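Please keep the model open while reading.

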Amino acid sequence: MLKTSTTLVSPPTPLVQLDHVNLSFNGNNVLRDIHLKLHANEIVTVIGPNGAGKSSLVSLIIGLQSPSQGSITRKKNLRIGYMPQKLAIDPQLPLSTRRFLSLCGNQSALEHAIARLGIECLLKTPVQKLSGGEMQRVLLARAIMQNPELLVLDEPAQGVDVTGQAELYHLLGELRNELGCGVLMVSHDLHIVMAQTDQVLCLNKHVCCHGAPESVSQHPEYLQLFGRQAAKDIAIYTHNHDHQHDIHGDVIDQQSTQHHSHCTHNHPNS
Amino acid sequence: MPDFLIYALISAFAIAIAAGPLGAFVVWQRLAYFGDTLAHGALLGVALGLFASINITLAITLCCLSLAAILLWLQRSPQLGDDSILGLLSHSALAAGLVSVSLMGNSVDLFSYLFGDLLTTGASDAALIVAVCTVVLSTICVFWRKLLLSVIDANLAKVEGIPVALMRALLLFAIAIVVAFAMRVVGVLLITAMLIVPAVASRRLTQSPESMAIGASIIGCIAVAIGMWTSYWYATPAGPSIVLAASGIFIMTLFKKRC
C-alpha cells in the first residue's frame with residue numbers, strides 16, 4: 001500500500017511487513033485493515049490523535065502483541081532497538097544509568113553509545129532520577145547499543161519543546177545514516193513531523209491518509225518561529241482526509257466523501 | 001557447642017544467604033504478598049503431607065510449587081489484578097490447610113509450623129537445606145542478567161529477546177522452593193519477613209542491584225547470628241528472634257543519611 005523509497009534500485013525485502021492486520025480487544029476494534037512495510041534506511045512517522053491505536057501498532061510491530069487477524073512478517077532475526085515512552089522502574093532497585101546501560105551490551109558498544117549521545121554526565125545518576133529529556137537520550141543510547149536494523153520510538157517528542165524536538169530529529173537523521181537502519185516513530189503531534197521522514201502515516205484506527213511531509217525551511221514565517229536550525233529538522237504534514245471520525249474514532253458516513261477520489265481504502269463500518 | 005545448634009546454624013545461614021537475592025527480587029517486583037501466599041499454602045502442605053504420610057518438607061515444597069504454577073496461570077487473565085489473585089490463593093490455601101488440619105484430629109503441632117522448629121534440625125535436614133540453597137543460588141547467578149532485565153522493564157526485555165515469561169516462572173519457583181525450606185527456620189508466619197527485611201535494610205546501604213542482593217544475604221546472616229545467640233542464652237524462640245534482629249538492623253539503617 002505504501003510506496004517504498006524511490007532512491008533504491010531494486011525493491012528490497014521489507015524489515016517488517018503488515019498485511020490486512022486487524023486488532024481487537026473484547027470486540028472493540030483497535031486497528032483495522034493495516035498495511036505497512038518498513039524498510040532499511042527509511043523513516044516512517046505514525047501520527048494520530050489519542051486512542052488512535054498508535055501504541056498498539058507499535059506493540060504489533062515489535063512483537064509484544066499478536067494481531068487478531070492478518071499477518072506480520074519480520075525479517076529473520078531482526079534486531080529491533082526499542083525506545084518506550086517511559087520506564088517504570090521500582091525505586092527500591094538501586095540502578096545507576098551506567099549499570100542500566102551496561103546490562104545490555106559489551107563495553108565498546110557502551111562507550112560508543114555514551115559518547116555518541118553525550119550522556120557522560122548522567123552515568124552516575126540513578127535511572128529513576130533522570131528527567132524526561134535525559135531518559136530519552138539514555139533510552140536512545142540503549143537502543144543504538146543493539147546495533148538495530150529497525151529503530152522503534154514511541155512518542156519520542158512527548159514533553160519536549162520544538163527546539164528539543166528539532167535536536168532529536170536531527171540526531172535521529174544522523175543515526176539513521178550511520179546505522180543504515182529503518183526508523184519507525186510515533187507522534188501525537190498531528191502537524192509537525194521530522195523533516196527527513198519518508199512516509200507519514202495518519203492513523204485513527206485505520207490509515208486515514210499517508211504521504212511525504214512538506215519542508216518548512218523555505219517559509220520565512222516558520223524560520224522566524226522555529227529558528228533556522230530547527231526549521232531544517234522539522235516539517236509540516238498536510239492531511240488529505242476524505243472522511244470524518246466521530247468522538248469514538250469511528251468513521252462517519254458522509255455524502256461529501258463521494259466527491260473525493262484519493263482515498264481508496266474501504267471503511268467496513270461506514 | 002551442641003550438635004543440634006551447629007545444624008540449626010548451618011541451615012539458618014544457608015536460608016539467609018539464599019533469601020538475600022530472592023528477597024531483593026521480591027522487593028523489586030512487589031511480590032511481598034506472594035511470600036505470604038506461599039506461607040499459607042505451606043500449612044496446606046503440612047496437612048496433605050501428614051494425610052498422605054509422605055515427607056512433610058516434600059509435601060510443602062510441592063504445595064508451594066503448585067501455588068506458583070497456579071499464580072502464573074491465573075496471571076494470564078488480564079481481568080484479575082495480581083493482588084486479587086494472591087488474596088484469593090492465599091486465603092483459599094489457608095482455609096484448606098486449617099480444614100485439613102482439623103480433619104486430622106489434634107495430632108498436628110501447629111505451633112512448630114507457625115513459628116518454626118529450627119532447633120530440631122538434624123544433620124540430614126541441614127545437608128538437604130544447604131544443597132537446595134546452593135542450587136537456587138547458582139540458578140539465580142546464571143540467569144542474573146536476564147532476571148534483572150526482566151524486572152527493569154518487561155516490554156523492553158521482550159523486544160531485546162529475553163524470555164521474560166520463563167524468567168518470571170524461574171523466579172517464582174525459586175522463591176517457592178526457598179520458602180518451603182525456610183519454614184523450618186522461621187515458620188509460616190515470618191517467612192516473608194526473612195525475605196523482605198534484609199533486602200529493604202540492604203537497599204539503604206547500597207548503590208547497585210548486585211550489592212543490594214549480596215548485602216541482603218550478609219544482613220540476613222548477621223540477623224541469624226544475633227537471633228540464634230539470643231535464642232540460646234535467653235531461650236527465646238529462634239525464628240522470631242532472627243526476624244527481630246533483622247528488623248533491628250533495618251531500624252539502624254534508618255539513621256544513615258541517604259545519598
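Two strands pair if DSSP finds at least two bridges between them. Helices (H or I, at least four residues) and strands (E, at least two) are DSSP runs, numbered from the N terminus.

This is a predicted model, in which local features need pLDDT of at least 70, side-chain atom pairs count only at pLDDT 80 or more, and totals for chains, interfaces and linings use all residues. Residues are numbered from 1 along each chain as its sequence is written, chains are lettered from A and ligands numbered from 1 in the order in which they are written, and side-chain values use heavy atoms, with hydrogens and water left out.

**Strands of chain A**

| Strands | Direction | Bridges |
|---|---|---|
| β1(A) (16-25) and β2(A) (28-38) | antiparallel | 7 bridges |
| β3(A) (43-47) and β7(A) (182-187) | parallel | 5 bridges |
| β3(A) (43-47) and β9(A) (199-204) | parallel | 4 bridges |

Strand β3(A) is mostly covered, with 5 of its 5 residues buried (under 20% relative accessible area; exposed is over 50%, partly exposed in between; 1.4 Å probe, protein chains only). A:Ile43, A:Thr45 and A:Ile47 point one way. A:Val44 and A:Val46 point the other way.

β1(A) and β2(A) form a hairpin with 2 residues between the strands. There, A:Asn26 takes a positive phi near 50°. A:Phe25 stands opposite A:Asn28 in β2(A).

**The interface of chains A and B**

Contact means heavy atoms within 4.5 Å. By that rule, 23 residues of chain A touch 20 residues of chain B. The two chains bury about 2,000 Å² between them, 62% of it on carbon and sulfur atoms. Buried area is the accessible area (1.4 Å probe) that two parts lose on being put together, summed over both. A:Gln92, A:Pro94 and A:Leu103 supply 31% of the area that chain A buries against chain B, more than any other three residues.

A salt bridge is a side-chain nitrogen of Lys or Arg within 4 Å of a carboxyl oxygen of Asp or Glu. The rule finds 3 across this interface. One of them joins B:Glu210 and A:Arg99, with the closest N and O atoms 2.6 Å apart. On the side of chain A that touches chain B, the elements giving two or more residues are β5 (80-83), α2 (97-102) and α4 (132-145).
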